[in-house]
Amino acid sequence: MSTALSLLQPLLELLAQTDGWTWLRVLVAAAFYACALVAVGGVLFGQVFAHPTGLHRAAGLRPLVPVAAGLALALLLLQWPLQAGFLGGGTWAAAFDPGLLALVFDGATGQRLLLAGSGLLLLQAFWIVSGRWRGPAAAASLLGAALVLLAFTLVGHSTGAPRALLAVLLLLHLGAVAFWIGALIPLYRISGPPQLGEPAAHVLQRFGLVAAPVVAGLIVAGLWLAWRLLEGWSPLLHSAYGLVLLLKLAVLGLLLALAGLNRWLLVPALVAHAPRARQRLRASIGCEMLLVALILLLTAFLTTTTSP
Amino acid sequence: MNRLKTLLKIAPAALALHLLLATPHLHAHAQPEGSLPAHGSTVTGSPNRIAVWFDHPMRLTLFEVSGPRGVVPLTQGPGRDALTRFETSPAAPLGPGRYTVRWRGLAADGHVMADEIYFTVR
């Protein structure tokens, strides 16, 4: 018991130091990650799977991508005064102090704000992605998605040396994460109406095939990134950062188990028209969404409060 | 038209690669390296100097010392310039008791940093 408590000591100390302002920053960061990744992942899903127009509509990508991007933009802008407020001691007066706002904007955070903001604005082109301007709108959306992903590499530990390697690892990791997270809502939607029939079943099967190497890449890039940042595995058990990372990996394990259940049991059952297969698959995807929300919350806590 | 379509397809990847390679290798993450008095230490009599130092430049935005009588007035506050060491003194000698140094700052990589240091005056 005492050994377990002493192992958890760095995390307990960190939790004791985390004030209300920091929790607000964590929640806003988690919501930003969720909205930005849903928007970017929605673009990727549209490119890879949802070519038949009916399926594109059923997946609900057209409102999903630009609305998620709009919310992400609002949350991104909210992070700016929240950071300034934290730097000034956690007050609203500090949040709107011109000197602190300028300090936050001047440097990596400002670059990230401009790059992610431009990308999220470009994602509004998705409103016209199935109309006459389909080609340019799709290209603008892809460019927007790339800029948003790139913006994630501009702030934090991944900007240390060797910069290019860490940035590429983070881009690979985030691209795979966005692909997975962005697919959950469209997959949930198309697995509902029975009239979508074969095309929807085909997309669900194809997603399982495509997702396997993507998720493998996500894990390899994530573990490699963690190893580079932690400079070994020992800090996993001896630092608050390592302990939260372990928790995140445990939730990821549950998520992988659900993904495996979907691929090898629930999707084949749906294809075989088994009774209640649709409901079971939708419930499983719903649970995946909850676990993803928990992972994003842990990630936001990790990046906001600790360092490796 | 086909050439335009190809250009539009590769533009995001090309721009991403350009930004990735063109961003200067200037951002470095800063970590606190030590403090005076040291974290968890007990000192006899009021310390003349209270300091904190980092392995990379940090723009300190808050440096607050509090003790048994509340917030301690200091001779100098942080100037928000990038520095690797910040040093100040209590405006009046510190009485016996447990003190907390709370600082916040912005590292060059854009990461917001914060820490608390404790020491006891005997």
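**Working through the model**

Q: Where does A:Gly85 lie?
A: A:Gly85 sits in helix H4 of chain A. Keep in mind that this is a predicted model.

Q: Is A:Gly85 buried or exposed?
A: Buried. There are 23 other C-beta atoms within 10 Å of A:Gly85, and the cut-off for buried is 20 or more.

Q: And what does A:Gly85 touch?
A: Leaving out residues up to four places away in sequence, A:Gly85 touches A:Trp21, A:Gly90, A:Thr91, A:Trp92, A:Ala94 and A:Ala95.

Q: What separates the C-alpha atoms of A:Gly85 and A:Glu231?
A: 32 Å. Along the chain, A:Gly85 and A:Glu231 are 146 residues apart.

Q: Back to the helix. How do the axes of H4(A) and H6(A) cross?
A: At roughly 115°, and the axes come within 9 Å. H4 of chain A covers residues 61–87, and H6 of chain A covers residues 98–105. The two helices are therefore roughly perpendicular to each other. Their crossing is right-handed.

Q: Which residues of H4(A) and H6(A) meet?
A: From H4(A), A:Trp80, A:Pro81, A:Gln83, A:Ala84 and A:Leu87. From H6(A), A:Leu100, A:Leu101, A:Val104 and A:Phe105. By class, the contact of H4(A) with H6(A) has eight nonpolar residues, one polar and no charged.

Q: Another pair: at what angle do H9(A) and H13(A) pack?
A: About 150°, with the axes 10 Å apart. H9 of chain A spans residues 163–190 and H13 of chain A spans residues 277–305. That angle makes H9(A) roughly antiparallel to H13(A). The crossing is left-handed.

Q: Which residues make that contact?
A: H9(A) brings A:Ile181, A:Leu184, A:Leu187 and A:Tyr188. H13(A) brings A:Arg282, A:Ile285, A:Gly286, A:Glu288, A:Met289 and A:Val292.

Q: What's the split by class for H9(A) with H13(A)?
A: Seven nonpolar, one polar and two charged residues.

Q: Where is the place of A:Leu142?
A: In helix H8 of chain A, residues 134–152. A:Leu142 is buried, with 23 other C-beta atoms within 10 Å.

Q: How far apart are A:Leu142 and A:Leu123, in sequence and in space?
A: 19 residues in sequence. In space, 7.8 Å, C-alpha to C-alpha.

Q: Switching to chain B. What does its secondary structure come to?
A: One helix and seven strands. From the N terminus, the order is α-β-β-β-β-β-β-β.

Q: How much of chain B counts as buried?
A: 25% of its 122 residues.

Q: What share of the chain B contacts is between residues 24 or more positions apart?
A: 61%, taking contacts with a separation of 6 or more.

Q: What pLDDT does chain B average?
A: 80, and 75% of the residues score at least 70.

Q: Which elements of chain B have the lowest and highest mean pLDDT?
A: Helix H1 of chain B, residues 2–22, has the lowest, at 46. Strand E2 of chain B, residues 41–43, has the highest, at 96.

Q: Where is the pLDDT of chain B below 50?
A: Over residues 7–28. Beyond near neighbours in sequence, that stretch of chain B has 29 contacts in the model.

Q: Last one. What ipTM and pTM does the predictor give the complex?
A: An ipTM of 0.75 and a pTM of 0.86.

Conventions: Residues numbered from 1 in each chain as written. Chains lettered and ligands numbered in written order. Predicted model: local features only at pLDDT ≥ 70, side-chain atom pairs only at ≥ 80, totals over all residues. Helix = DSSP H or I, 4+ residues; strand = E, 2+ residues; numbered from the N terminus. Buried ≥ 20, exposed ≤ 12 C-beta atoms within 10 Å, placed from the backbone. Contact = placed C-beta atoms within 7 Å. Axes fitted to C-alpha atoms, helices over the stretch in contact; angles between N-to-C directions. Parallel < 35°, antiparallel > 145°, perpendicular 65-115°, else oblique. Left-handed = near helix turned anticlockwise from the far one by under 90°. Nonpolar A, V, L, I, M, F, W, Y, C, P; charged D, E, K, R; others polar. pLDDT = per-residue confidence, 0-100.
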